Amino acid sequence: MARAPQPRPTPYAGNRSNLSRQFSSGAVPTAAESFAVGSVPDKFRRAVDQFFESMGGQNEILASAATTRSVFSKANIVGAGIGRKHTAGDSTDTMAVQVFVVRKLPLSDLAAELQVPKFIKVGNENIPTDVIETGEIVPMPAPAQDFIDVIHAQAVGFYTDRYRPAPGGSTIGHPLVTAGTLGCLVSRNDGLYILSNNHVLAAVNSAKKGDRIWQPGKIDGGTSADAIAIIDSVNDIIRLKFNPGDINDVDATLALTNDQLVTPEMHDGIALDDPTPLDAVMDMQVQKVGRTTGPTQGQVKSVTARIRVKYDGGRFGQFQNQIMIESLDGSPFSQGGDSGSLIMSVNPAQPVALLFAGSDQQTFATPIQTVMDAFGGFDIIAAWGS
């Protein structure tokens with residue numbers, strides 16, 4: 001059963017006089033070597049470059065080969081990043097090029113040209129590799145199968161109810177989408193906006209100016225009477241690119257709202273202590289509040305990841321400079337419906353990344369500074385009056 005949000009303590013007093021463009025609800029209701037995302041040593045970036053070159057090139061691996069759909073081909077490789085090498089299942093202090101695969105196979109089952117080299121030589125140094133089974137990486141809206149559970153307009157998930165004001169972590173979505181997660185609130189160009197993913201708020205580039213965003217999302221019983229935000233401009237949609245050779249930085253969209261419909265607080269009393277963006281650091285403990293799995297904690301396991309994400313309709317998008325997160329307790333850090341969640345540091349809670357994709361084992365997210373830069377900047381709101 002989803003919990004009701006905490007009441008909003010005070011009216012918004014930050015730059016409220018400047019928030020002239022608001023959606024009107026009246027129209028439509030380390031101990032060892034470690035580094036941050038922004039300070040990865042050049043030798044590791046070069047090692048990832050050289051890994052892809054050794055396998056035929058990044059575009060060959062993450063775009064062209066994807067169409068073969070066989071684990072006994074280059075399509076089995078879905079990305080690469082930098083993280084700690086694992087030996088016998090345990091993390092070590094050695095940094096490695098992590099190679100992400102759909103299925104980890106015995107070397108005896110692979111042709112020579114499909115075998116990941118044990119080391120990548122950069123200058124006079126050998127950088128080890130580490131093959132990690134991630135499964136296919138996909139965006140994480142609520143799966144359509146959840147419709148079988150919608151008997152009383154209530155789907156599977158933690159925060160699937162209608163909330164007013166709606167806190168971070170709530171179900172939300174464009175009418176063409178099942179549901180995702182309300183990430184956080186931001187202030188931009190004299191407007192108050194909801195931040196989530198393109199595939200949550202814009203239905204993978206399909207949204208038009210004036211489209212309404214529902215809370216709850218459609219799969220959770222939402223209707224046009226539950227509109228909570230609006231696509232105010234097509235410029236608020238960072239378009240996803242799917243042509244071979246195209247590289248994406250973010251999967252993100254903003255939707256204009258107002259302070260009577262939303263609150264910067266999150267479910268379960270969780271809130272940002274400081275809205276200042278924080279670089280993800282290897283081994284950093286992080287947390288999120290999502291529509292499906294609720295509050296969870298995890299750890300940053302890979303940085304500067306380049307990955308292939310499989311969207312609906314057999315479309316594949318390449319992404320660069322992402323982070324990978326794994327759960328701390330063995331349960332999923334995220335599942336379908338958690339897309340759009342804001343990933344935060346722990347004690348103090350600061351914005352770190354925007355969740356957008358994953359698999360059964362791992363979660364992938366975009367550094368929050370990258371998201372901010374994609375929109376030309378915005379201010380994250382931690383509390384009314386901040």
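**Exercise 1.** Which residues line the largest cavity?

*Solution.* Before starting, note that this is a predicted model, where local features need pLDDT of at least 70, side-chain atom pairs count only at pLDDT 80 or more, and totals for chains, interfaces and linings use all residues. Residues are numbered from 1 along each chain as its sequence is written, and side-chain values use heavy atoms, with hydrogens and water left out.

Step 1: Recall the term. A cavity is a set of points, on a 1 Å grid over the protein atoms alone, where a 1.4 Å probe fits but cannot get out; lining residues have an atom within 4 Å of a point.

Step 2: List the lining. Around the largest cavity you will find Arg84, His86, Ser91, Gln98, Met282, Asp283, Val300 and Lys301.

Step 3: Look for the elements. Strands E1 (77–87), E2 (90–101) and E17 (294–311) each give two or more residues to this lining.

Step 4: Sort by class. The lining divides into 2 nonpolar, 3 polar and 3 charged residues.

**Exercise 2.** Find the buried residues of helix H1 and say how they are placed around the axis.

*Solution.* Step 1: Locate the helix. H1 covers residues 42–54, 13 residues in total.

Step 2: Pick out the buried residues (under 20% relative accessible area, with a 1.4 Å probe and protein chains only). In H1 they are Phe44, Ala47, Val48, Phe51 and Phe52.

Step 3: Check the directions. These residues cover an arc of only 135° around the axis, so they lie on the same side of H1; the arc is taken from the directions from the helix axis to the C-beta atoms.

Step 4: Look just past the end. There, Gly56 takes a positive phi of about 110°.

Note on methods:
Helix = DSSP H or I, 4+ residues; strand = E, 2+ residues; numbered from the N terminus. Expected span 1.5 Å × (residues − 1). Buried < 20%, exposed > 50% of the residue type's maximum accessible area, 1.4 Å probe, protein only. 1 Å grid on protein atoms, 1.4 Å probe; cavity = no way out; pocket = protein on both sides within 12 Å on 5 of 7 lines; lining within 4 Å. Nonpolar A, V, L, I, M, F, W, Y, C, P; charged D, E, K, R; others polar.
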